[in-house]
Amino acid sequence: MEIILALSIGALASSGVWLLLRSRTYQVLIGLSLLSYAVNLFIFAMGRVQTGAPPILKSNVPGDLARFTDPVPQALVLTAIVITFAMTALLLVVLLAARGLSRNDHVDGRGSGS
Amino acid sequence: MSLAFEHLVILPILLPLATAALMVPLDERRRPLKAVIAVVSTLGTLGIALALLSFADAQAPGAGGAVYLLGNWPAPFGIVLVADRLSALMITLASIVVLAALVFSIARWQSAGSHFHSLLQFQLAGLNGVFLTGDLFNLFVFFEVLLAASYGLVLHGSGVLRVKASLHYIAVNLAASALFLIGVSLIYGATGTLNMADLAARIPTVADSERMLLEAGAAILGIAFLVKAGMWPLCFWLPGTYSVVAPPVAAMFSIMTKVGIYVIVRLWPLLFGAEAGASAYFAGDWLLVGGIATVVFGALGLLASQDLARLASFNVLVSSGTLLAVVAVGNATVTGGALFYLVISTLAISAFFLLIELIERGRIAGADVLAVTAEALGDDEDEEEVEPVGIAIPATMAMLGVGFAACALLLAGMPPLAGFIAKFLMMDAMLGSTAADAAPDATTWTLLALLLLSGLAVMVAMMRTGIRVFWVPIESMVPTVRFLEMLPIVVLLSLCVALTAKAGSAARYLQATAEGLYSPQAYMKSVLTAPRVERTEAEGGS
């Protein structure tokens with residue numbers, strides 16, 4: 001479980017960073033999205049990975065983290081997902097505007113056509 | 001503390017937020033109405049900020065500030081807002097700068113795109129939220145509110161240059177936000193809390209196995225803020241963006257780099273102050289070196305920049321770098337001087353960005369649509385200089401010239417204006433912080449040289465540009481400047497003059513602020529023991 005999570009975070013983050021450093025706007029956008037997926041998984045992992053444990057306290061079970069999973073990172077992830085989603089959508093609009101204005105999808109608006 | 005006053009702490013966020021939401025459905029044709037609403041709301045926010053400022057000023061020296069528990073949840077569990085001296089100062093500064101940008105924009109810039117007033121109010125709400133919050137994740141949320149509004153504002157006025165700049169700006173900031181989240185979650189993983197006061201209480205006792213995680217988290221978080229503050233080598237996006245955005249937006253952005261500085265000033269002494277055990281003054285050397293490198297880069301950029309907007313952008317970098325380097329000394333008295341410098345440089349840069357637009361308007365016909373870069377001017381300059389037109393400087397040019405000179409004096413830190421007092425306070429504190437018989441060490445000498453040489457670089461660059469703009473007659477055209485455009489510049493600069501006259505009381509307030517930052521027990525105590533509002537019988541059942 002841990003190794004799968006760690007590998008997927010690593011794969012998402014590394015491909016995200018690689019795409020972010022590319023010169024075409026769409027690649028940058030996808031790179032940022034992948035990076036945000038990696039970050040979301042990472043926040044989730046910071047609550048310590050546990051399988052089959054509920055995040056809500058039950059009445060007759062002692063409330064320690066051995067029996068429950070930490071609900072705070074899950075709440076943080078939800079907020080982060082919403083915010084990154086909105087920001088990515090905004091970037092997409094700007095990207096289209098830049099494409100329309102410079103007739104080119106290079107991040108600096110120059111280069112050899114698309 | 002009365003109930004009504006207690007709610008004053010959240011009003012600087014709610015008022016602009018509600019105003020912005022109210023203005024979104026209003027039709028763009030009713031722009032005068034929107035402008036009036038926006039001015040009223042910003043004035044209201046400024047009033048509240050001033051009330052908080054006077055409250056913070058009236059506090060006993062050891063008090064930690066007014067704490068507002070959102071949803072009445074006790075401190076480490078719920079989100080808190082804290083209005084202490086630093087927060088009150090920053091929200092006042094933010095309201096002043098936004099108000100100046102707003103009034104300036106009414107004359108013409110508000111009509112360059114849609115929803116300008118809403119975006120500006122959202123921006124104000126985000127700024128005030130960042131300055132007031134006492135929770136790391138909430139800080140992230142307000143950061144995003146602020147950034148989302150700023151993306152819109154960078155695009156205001158449209159045009160190829162702005163769209164390109166905003167593409168870079170958004171990509172850089174989204175990447176920085178990813179780092180922010182990684183940092184926050186690492187800190188949460190290591191300590192199990194996100195409340196700033198609670199973090200400060202827990203960091204000294206963090207186990208050694210977790211300490212590396214914590215420090216890595218803090219460093220990554222720091223990078224996210226330093227991208228905002230424009231520390232070299234994270235600052236290459238800044239001149240390109242600041243020099244092409246609409247002038248009122250650029251003027252407002254003068255506080256945006258200070259947001260990064262604010263977070264460093266707030267969190268670094270709080271979390272990694274003298275009491276942090278093994279992590280005390282963690283990464284201070286990096287801040288120092290980074291700050292020095294930023295000043296050097298900014299000064300070189302200043303000397304190399306050909307047009308006014310880039311000149312102002314590099315001034316932003318110089319002031320950021322100076323603040324970072326000086327704060328990294330880790331001394332309360334020095335930080336007090338740095339805060340004075342922060343206030344002065346924010347106001348002066350803001351005024352300078354507004355002034356630039358008026359000056360540029362006279363230099364290039366049709367400059368109202370795009371902020372033309374030096375590259376565009378390029379070779380034309382020689383031709384313009386051939387024909388000397390010896391007209392007397394009219395009143396407009398005189399006003400602009402005086403404003404320009406005042407900005408130059410403030411930014412370079414020359415007497416008689418407040419920039420000099422700020423630099424003097426920092427230098428005096430640095431020399432005074434070493435023992436009387438011991439000679440100041442190498443760091444102190446480096447910083448002293450840095451402050452003086454950066455001032456020299458600013459002076460040289462500003463003087464050269466001033467001569468070219470005002471004394472070498474390039475065109476006979478005198479810019480038409482409206483009263484509403486001159487007003488904010490005059491107000492911002494007279495605030496600086498007022499700070500020169502009232503330097504004593506301002507410096508005392510800022511000194512108390514800095515001492516509060518470096519002895520955070522009062523802050524921690526007031527946050528962690530903030531009493532919940534008990535429900536009285538009369539209100540019960542609601």
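Mentor: Let us begin with a term: a residue is called buried under 20% relative accessible area, exposed over 50%, and partly exposed in between, using a 1.4 Å probe and protein chains only. This is a predicted model, in which local features need pLDDT of at least 70 and side-chain atom pairs count only at pLDDT 80 or more, while totals for chains, interfaces and linings use all residues. Residues are numbered from 1 along each chain as its sequence is written, chains are lettered from A and ligands numbered from 1 in the order in which they are written, and side-chain values use heavy atoms, with hydrogens and water left out.

Trainee: Okay, and which class does Glu210(B) fall into?

Mentor: Glu210(B) is partly exposed, with a relative accessible area of 23%. Glu210(B) also forms a salt bridge with Arg48(A), the closest N and O atoms being 3.5 Å apart; a salt bridge here is a side-chain nitrogen of Lys or Arg within 4 Å of a carboxyl oxygen of Asp or Glu. That pair crosses between chains, from the loop between α2 and α3 of chain A, where Arg48(A) lies, to helix α9 of chain B, where Glu210(B) lies.

Trainee: What about phi of Arg48(A)?

Mentor: Phi of Arg48(A) is near 65 degrees, which is a positive value in a residue other than glycine. At 42% relative accessibility, Arg48(A) counts as partly exposed. Arg103(A), in the segment after α3 of chain A, has a positive phi of about 50 degrees although it is not a glycine, and Arg103(A) counts as exposed at 68% relative accessibility.

Trainee: How many salt bridges turn up over all chains?

Mentor: A search of the whole structure finds 6 salt bridges. One of them joins the side chains of Arg24(A) and Asp105(A), at 2.9 Å from N to O. This pair links distant parts of the chain, 81 residues apart, with Arg24(A) in the loop between α1 (2–20) and α2 (25–45) and Asp105(A) in the segment after α3 (71–102) of chain A. Arg24(A) is partly exposed at 23%, whereas Asp105(A) counts as buried at 16% relative accessibility. In chain B, Arg29(B) forms a salt bridge with Asp27(B), with the closest N and O atoms 3.1 Å apart; Arg29(B) is exposed at 71%, and Asp27(B) is partly exposed at 34%.

Trainee: Switching to chain B as a whole, how many helices and strands are there?

Mentor: The secondary structure of chain B comes to 23 helices and 2 strands, and buried residues make up 60% of its 542 residues. Contact means heavy atoms within 4.5 Å, and among contacts in chain B between residues at least 6 apart in sequence, 81% join residues at least 24 apart.

Trainee: And which residues of helix α23 in chain B are buried?

Mentor: In that helix, residues 521–528, the buried ones are Tyr523(B), Met524(B), Ser526(B) and Val527(B). What covers the buried residues of α23(B) includes β1 (66–69), β2 (80–83), α8 (196–202) and α12 (256–271) of chain B.

Trainee: New topic: what does His168(B) touch?

Mentor: Not counting residues up to four places away in sequence, His168(B) touches Val107(A) and Asp108(A). His168(B) sits in helix α7 (residues 160–191) of chain B, and it is partly exposed, with a relative accessible area of 29%. The C-alpha atoms of His168(B) and Gln511(B), 343 residues apart along the chain, are separated by 38 Å.

Trainee: Last one, where are the cis peptide bonds in chain B?

Mentor: One runs from Trp232(B) to Pro233(B), with omega near 5 degrees, and Pro233(B) is in the loop between α9 and α10 (237–242) of chain B. A cis peptide bond also joins Pro415(B) and Pro416(B), where omega is about 10 degrees, and Pro416(B) is in the loop between α18 (395–412) and α19 (418–433) of chain B.

Key
Helices (H or I, at least four residues) and strands (E, at least two) are DSSP runs, numbered from the N terminus.
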